Each structure stands twice: as C-alpha cells, then as structure tokens.
Amino acid sequence: MSAVLKSPTANQIRAREDRGRWWRFLLVLVITVVTLVPIGVVALLSLLPSSTSTTTGVTFENFTKVFRDTLATTWISNSLITTGVTVLVSVAVAAPAGYVLSRGRSRVVSSYSLLLFVLQSLPIITSVVPLFILFANFGLADSLTGLTIVYVAATMAVATWMMAAYFDSIPVSLEEAAWIDGLSVFGSFLRVVLRNSLPGVLSTAIFAFLLSWNDYLVALVFLRSDVKFTLPIGVQSFFQQNATDWGSVMALAVVMMLPPVIVFVGLNKYFSVGGIGGSLAGR
Amino acid sequence: MPWGAQAYSDASKKVTEAYVPEGKNLKAAWQGIQWNNFYQTFASAIASKTGPAVSTGGGFQAYQFAEQGAIAMADDVVATMKTNGMFDDLLPGVLEGFKTKDGYVALPWQTDMRVYWYRKSLLEKAGVAVPTDWPSLLEAGKALKKIGVIGFCTGSGAGNFLGNHWAVSMLINNGGGVWTPEGDIDVVNDRNQEAVEFMLEMVSAGAIDPGAVGFTTDNMDAQWKNSKTGYGMFGAYLPQRVGDTSGDIVAAPPLTGPNGDKTALQFVNNIMMYKNTPDQASSEAFVIYYLQQLKGYWQQALVGGLPVFKSITELPEFTKDPNAVQIVKDYSPIAKTFAARGTASTANTAVLDGGQALNKFAQSILTGKTDAKTILNDFATGLKAAVK
Amino acid sequence: MTTLTGGLSRARRGISPGGHGGARRRTSTLKAQTRRTFLGMLVPSVVLLILINGYPLVYAAVQATHDGSLIDAGSFVGLDNFSTVLASGAFWRAARFTLIFTLVGVFGSWAVGLAFALLLRTRIPGRGIFKVLLLLPWVVPIVVSSTAWNWLVATADSPVPRIFEALGLGSPLFLADPKLAAVLVCVFKVWVSFPFMMMMSAGALAAVDDTLYEAASIDGASSWQQFTQITLPLIARPTYISWILMTVFCVNDFPTIYLLTTGGPVDATTSLVVYAYRSVFQDFQTGPGVAVAFLMTLTLVVVSVILYRQIRRAHVE
C-alpha cells in the first residue's frame, strides 16, 4: 500500500488493517502449526531411541549412530555434488533453449516446445529400466555421472519453459540496443538478457535442485555401491526385509531437510518476485 | 540383499571377501542392493549384463529369471553337496522345491517360517488356552477382544505381506491352496471357500482388528511390543524383533485344520547363479564356500530366518532359544510353500507372491465386506490375468 | 499445434531478433546468422531430449506392443496389450481414481495455496518465516512424510483417530476403509503440493497492482467482488500454467500414493501409474503395464493441449 495516499478512506482501511494484522498473525500461526504437525513427527521420531536401545527419553543417539556407523557423510557429499552439477548444467542448457523458445516464432520452435512436453509426460517408472540398460552400455551404470545426466534431462522440459517464461518478461528493446552496439545474438543473450534474468535463473536452479535432491526412483535403480549412494538411497538402505530402522531413517531425513531449507531461507527475498513460483515444480 | 540389519550386510561382505579360491577359480566381490524394488534392480542388471554371478534373491525371482533363461542351474552344486556331506545335512523339505524340469534353479540358505505366536500373560488374563485348531483360534480371538486387545494380529498395509501369507496359509491348512499338484490355478473350491468363510468369521467376530487391512509391519511390531495383542502370525524370532525377550512372547503350536490337515507355511530363501558369469566353475565353488560359512549368521544372530542345515540347528547359540528349537521341531517337518498343493514353484508362484491379485484377496478378507464366493472368484480372475 | 506452444513460449511483445525492430533494417545475412545461433543454442537440449527422453519412449513403445518381460523382448502382438487393458475393469477403476486424485490434487492444492498466498500478502508479523515454514511439506522427502502420516493415522490408537474420538466422531480407520483411504491420499497430496501452488500464486499476485484494490474499495466493492473481479482475472495466465504442471505431477505421481497405501485397501487408491507399476514389477506383465503408461501419457497430452488453449485465450484477453 502506498504511503503517500492521504484520503480518509484509505487511512480508515489502513487503520483497520493494523488492528487486523495480529488476528491474521494468530490465524496463520495456528494453520502453520497444524500443517507442520507431520514435520514435527519426523523431528520427534528422530529424537526417540530405537526399539532395541536401552536409552529412554529424548536422545541424539540416532544422529550419532547414523554418522558413526554409516556412510552418511559420503552420501551427503554425493548428493551435494550430483545436485550441484545438475543445477549448473540444467541452467546452462535450459537458458539458451528457453531464450530460443521465447524469441523464436517459427513452426520448428513451437513444435519443439510441444515435443518437450510430450516426451517428459511418460512416467519415470517406465523409463528408468530402459535408461539403465542404455547407460550400462556406456559404463555409466552405478555412476553419479550417469545419474546426473538423467536428472539434467528430467529437468529439461520444465526448466526450459521456466526460462522462456522469464525471458518473455524482458523487453526486447534491451537486445536491440545491444545489437546496435555490435553484439552478436548470442553475445547479447549472454551479456544483456541473462544478466537481467537472475530471478528466472534462480527459479530454474531451485527447481533442478529439488528434483535431484529428493529423487529416489532413478537413483534406486542406477546406484549399487554404498559409497555412491545419494541421501535418499542412503535412507532406503535402512529398509530391510519386513523391518525398518526408523530412528536412522528419521535422523537422516532431518539432515536431508536442512539444505533445501537453507536454500529457501537464503533466497527468501526473491520469493516476492514473480516467476519464482515455478521453481518448486518437479514432483 | 538386506536380510537383516547393517551387521548382516557387513558380515556377508566379510564372508565374501575372505573367500580364497582354489586352483584357477576366480575371487569374489560383494555388492549389496536395496530391499525396496529389488526385482527392478535385478531385472535391469541382468538385462544390461551388469548383473551378479551369484546372488541371494527375494521372493521367487530364481524361477522367473530361470524361465527367462538367465539362471545357471545348480545341479552340479547339488552333486558336490552329495559327496561332501552337505546334502545329508539339509533339513527336510528345503531343497525339493527348487527342482524344476530343467534342474535346480537355486539352493536354499535360510527359511522364512510363518509362525503363530502368543503372549502368555494376555491369554491367561483372557482365560483361554493356546489355540491348536480353528475353533479354539476363534474362541481365543473373541476372548482376547473382550479384554480389550487384538485377538489375532495381522495386517496388509503398505509393504506388509503378513496378511497375504496368513490368508494363503489358512487355505493350505484346510487342504486347499492356490494350485493343483500339476501347477495349474485352482482357487475356487470347497476347501478354500470353507477357509475364507472362517477368516471372514474371524473378522466379523472382531477377533481381527477392523483396522488390520491398513496395518504395516511397524504397526504390528508396536502391537506386540506394547502388549496390544495376544496372538498372531509373524516370522521366526518375533521376541528378538520387538525387543521383548522376557519369555512372555512364546511360539504357539501349528494349527490343525477342520479336515485334519496340520500344515505350516514357509519361504525358502535361496542363493542362485546366473549365466552371465565370467566362469561357471568359479560361481559353483563360491556357492559351496558361502553355504559352508552360513553358521556364522546364526552364531551372531544376524538374520531373521531359520537355518536350512541340521548342523546349525544343533549349535549351542541356536539351541539356547527354546522358541527357535520348538519351531524347527514342530513347524519345519510340516511346512509347505506358496506352490501348494504342488511342491515345486514356478514363475507363476512369483506372480502369486508379489502380484496384485493376492494382496487384493487378503485385503478383501480383512475388510470383511464381501462374501467368500465373490472373493475367491475375484482372486481367480486376477491370477488368471497375470499368470502365463 | 503451433498455436499451443505459442501461448506459453512466445514473448509477450512477440518480437524476434531476426525480424523486428532494429534488426529489421539489417541484411538477410543477420537473419541467417540468427537462425544458426538459435539452432546452436537448442542443440544441447535437443541431444539430451532425444537420448534421455526419446529413447525410453521408443523402448516403451516396443514393450507395449510385445509380450515380453523386462529382460526378454518377446514377440510382437500389435495392439493386443491395449485391448486387454481397455477391457479390464481394474484399469477403469484406476482411471476413475486418477481423475478424482488429480482433480482434488490440482484444485485442492490451488485453493489452499492461493488462500495462503493472499493471507501472506497482507502485512503480518514474521511472514517471511511463515513462507519458509509452509514450504516444508513440499521439501521433505515423501518417503519420510508418508511415514509421519502413517504414524498419525494408522491404528485406532494413533493421534488423529483419538482426536476424532474425543470429538465424538467415532474412531475412523483411515487406512482400512476404502473411502477414507481415498480421502486420506487426496488430503496427503494437497498437503504435499499446496506450497507449490502458494509460490506460484504469490509470484502471480506480486505482479498485481495494489492501487486497483484501493480504487475498488472506494467504489464500494466487497472483498469477494475484488477477489473474483480483479484478482482472479489478473492471475489467470500463471494459474493455468500451474494447473497444467500440477495435472502432470498428479497423474504421474507414484510415491505419494504408493508409500502411503500401496494402492489399497482393495485397490481403492490405485491410480493408473500405481496400476502400471504393479503390472510391470509385481505381476510381471510388462506389455500391458507399459500400455497403461502410454494411455496415461496420451490422455495427459490431450488435457494439456486443452489447457494450453486456455492460456492462450487468457493471454489474448
């Protein structure tokens, strides 16, 4: 609301709003607490001792156990590397493609956009086995490189659209000025358009981040050696025949939650910028 | 595969890596895989020729992969076992099921028995005896329900197959089953109908919890641990599993069906060899070695199944658990498999074990809203659609 | 077909460097150069797309028309798998649940997400913290949150049934009753997905000019009128996009359903993707299972095409 408005009506509205804000705060607080109950359950279960333990009450033994007895630190670094590379490569590939989709208006470009959509509509569960067989031919089975390639491809359709949607909002006059200054099409894209698209790039990056950070369907088939596991597969390894080590699952789950939360807290100020919404796609 | 906690995987890796081959045979490397989606993992590995030479396997995958031409038959291993005394050391009934028309598809390494358990203090409180047949099972269920606990603990929620297992075990316990001795589908018959009607009566009498259809194994663990149930079916080693070895949770005797059948249900977990191996002789030598090392798993209490070798059941570490001894004595001799009324399993047994039809069958019974005839007909239709 | 993508991809101002503005005055060599550059910029994504998305599609087409297994291709059976699937009651029951699940998933999460976005748009102490906290359901791995939900509802002794009992509403068994299980899965899906819709809506709302509301208030429009006559039309385009994306996510959503109920009890929560999964990996019916996935994809494409048209219309208006 603009502060320069001086009309009494506007002031009245404003006064009413000030009285209302604490009520709304209370409302949002209550809803948020209710919504987060399942998350609280995860946190609670991670702090309860396992059924075979002699400890009672709240304990951090699940965390110490996970970090002492399993390859948790390796898994964390695998996840970070896979996710980091996925994010960088997706943006690097999707941004130019998105630019073409945004600026090009030929039939080819339009059909390509549709093709992107059709090809990624096939559920991952039917494509993961053929992909594994294909990758095994190139020695990319049980490899984080192979996994990263799949993740990049999986992000491609949505990432390209997201970038295209953001470039749509960048006035073409910026590029026109650059062309007159003698920049090539690609040069102007790189130096002018991309530089002004930070929120769009961040949205796409967050989308790719969440997709590769949380995936377990692909990784489950692709990864075999425990030293190559990503975190979701590390969590899976606590599931045995008819039994599950829930304490370890929950402890590792809490660890898994932290990076996305840190990312969101860090990028919080961009949330009010339009376009970031698309970043959460992917499930 | 994770047949037990992390310690099992560690031990299994150690055993494999400690293997010193004789002569020209190759050494072995160890690889653990995830329990979830194991079929997908094995199938994609085999199809891409990155599969193992030797593996344990879940469910009935040996039969399936054999049908698809990926399994190396184990007849030579069986022949070797006959010469070195291992064959005579096998418990009855653990090997026969693997003999198909092409040969032995796999070798047993442990049995996963479905065992009836009771909580002594609760049966005493309810004033009923340990069930030995169907009427006493129903009676005990009702009595337990009266004192506010679950009369018969089972479940078929996400990832829980114990409900499926109980349903099939009851068919078998009435002389029925899913297959003819020749291996064809035979679901809709009088014996099976009688069994389903009885299970439905257990549900309508409240002996089985109305929520059972949604219970996971974790829910059931909690019910046993927290004395919320007095009787039910589980795997061997339930007391250890739920951390109550006070002696209050006791293995009950197998039930006798209304037509006098005394049976139990077991799954024989197995180890198989694949055709995609660098050297078949090395695969065979390794399997023999591995089977000879099995006793360590029971000495260190790392697995949840029962041994397949008599010599292991005679180890002091094994005999110190009276429940385990009783199960081997009472259940093993009368145990049948999912192949009943046949003896040898086929790829179709895998469809029964993992498929949608059985799960729906068990869930329909536990929901208790459909009559026996319809349930059996649906089961037959579902199976026929999936079986080749 | 070209119009479909036009709405989403074309620049709002509809200008391309080779054919407009300053570039127009240049020679045709620039046009050719632009075309080459554009092509070059597309190449990496085209290669990835063909290799990683195209190859499995072809592979799946082969599977769907053969009677083989995952390991063995089997022999060609034409469209037999499709006719088998279409004739089965289980397929149509799964299709019905998929429809319900998707409708609730899309519109439920949209309504909740939009409500939160509107609330958090007003001045509330600590709203930045709320925004991050409310994202958590989306961020937590499903394998973990499904466990937490199971813990909350599974047995009569679980917290939620106890609360119902205390309120005199009986003691519902959410995972045992087919209807309640269906409701539970849908609610779970809304819980998982609303943060996405909240973010989409927040982004769209940020572009709406506040002074419009002030003017409307002065004119005496009620809050509801302001919402339906100002807010909704202004956020129509991003809303349609979010619906399309969420439709794809819902139809293809395997873990949310499978980890909570595995499709039970008695198939009550079996959606098409769960049905396809169970056919392929549990019944070992590779052909029919993949055929189900194909039919699903086809339907999805058709639905999205219709929604794209809507986007374009919203754009034109």
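Predicted model: local features only at pLDDT ≥ 70, side-chain atom pairs only at ≥ 80, totals over all residues.
Which hand does the crossing of α10(C) and α13(C) have, left or right?

The crossing of α10(C) and α13(C) is right-handed. Helix α10 of chain C covers residues 178–206 and helix α13 of chain C covers residues 236–251, and their axes come within 10 Å of each other and cross at roughly 155°. Since an angle over 145 degrees counts as roughly antiparallel, α10(C) and α13(C) are therefore roughly antiparallel to each other. On the α10(C) side the contact is made by K189(C), S193(C), M197(C), M200(C), G203(C) and A204(C), while α13(C) brings P238(C), T239(C), S242(C), M246(C) and C250(C). Sorted by class, the residues of this contact are 6 nonpolar, 4 polar and 1 charged.

For the setting of that pair, chain C as a whole has 16 helices and 0 strands, and of its 317 residues 51% are buried. If you take the contacts in chain C between residues at least 6 apart in sequence, 67% of them join residues at least 24 apart.

Let me turn to chain A, which has 13 helices and 2 strands. Buried residues make up 53% of the 283 residues of chain A, and among its contacts with a separation of 6 or more, 76% are between residues 24 or more positions apart.

The helix pair I picked from chain A is α2, residues 37–47, with α13, residues 246–266, whose axes come within 8 Å and cross at roughly 125°. From α2(A) the contact uses V42(A), A43(A), L45(A) and S46(A), and from α13(A) it uses W246(A), M250(A), A251(A), A253(A) and V254(A). By class, this contact of α2(A) with α13(A) has 8 nonpolar residues, 1 polar residue and no charged ones.

Within chain B, helix α7 runs over residues 134–146, and its 13 residues reach 19 Å from the first C-alpha to the last, close to the 18 Å expected at 1.5 Å a residue. The buried residues in α7(B) are W134(B), L137(B), A140(B), G141(B), A143(B) and L144(B), and they pack against α6 (120–126), α9 (190–204) and β6 (231–234) of chain B. Just after α7(B) comes G148(B), which takes a positive phi of about 85°.

Another glycine to look at is G97(B), in the loop between α5 (86–89) and β3 (99–100) of chain B. G97(B) is buried because 26 other C-beta atoms lie within 10 Å, where 20 or more are needed. Apart from its neighbours within four places in sequence, G97(B) is in contact with V268(B), T337(B), A339(B), T343(B), A344(B) and S345(B). By contrast, G97(B) and G127(B) are 30 residues apart in sequence, and C-alpha to C-alpha they lie 41 Å apart in space.

I will finish with some backbone details in chain B. Most residues other than glycine have a negative phi, and most peptide bonds are trans. With that in mind, S227(B) has a positive phi near 55°; this serine sits in the loop between α10 (217–225) and β6 of chain B, and it is partly exposed, with 15 other C-beta atoms within 10 Å. A301(B) likewise has a positive phi, of about 55°, although it is not a glycine. A301(B) is placed in the loop between α13 (295–299) and β9 (306–307) of chain B, and it counts as partly exposed because it has 15 C-beta neighbours inside 10 Å. Finally, A340(B) and R341(B) are joined by a cis peptide bond, with omega of about 10°, and R341(B) lies in the loop between β10 (335–336) and α17 of chain B.

Note on methods
Residues numbered from 1 in each chain as written. Chains lettered and ligands numbered in written order. Axes fitted to C-alpha atoms, helices over the stretch in contact; angles between N-to-C directions. Helix = DSSP H or I, 4+ residues; strand = E, 2+ residues; numbered from the N terminus. Parallel < 35°, antiparallel > 145°, perpendicular 65-115°, else oblique. Left-handed = near helix turned anticlockwise from the far one by under 90°. Contact = placed C-beta atoms within 7 Å. Nonpolar A, V, L, I, M, F, W, Y, C, P; charged D, E, K, R; others polar. Expected span 1.5 Å × (residues − 1). Buried ≥ 20, exposed ≤ 12 C-beta atoms within 10 Å, placed from the backbone.
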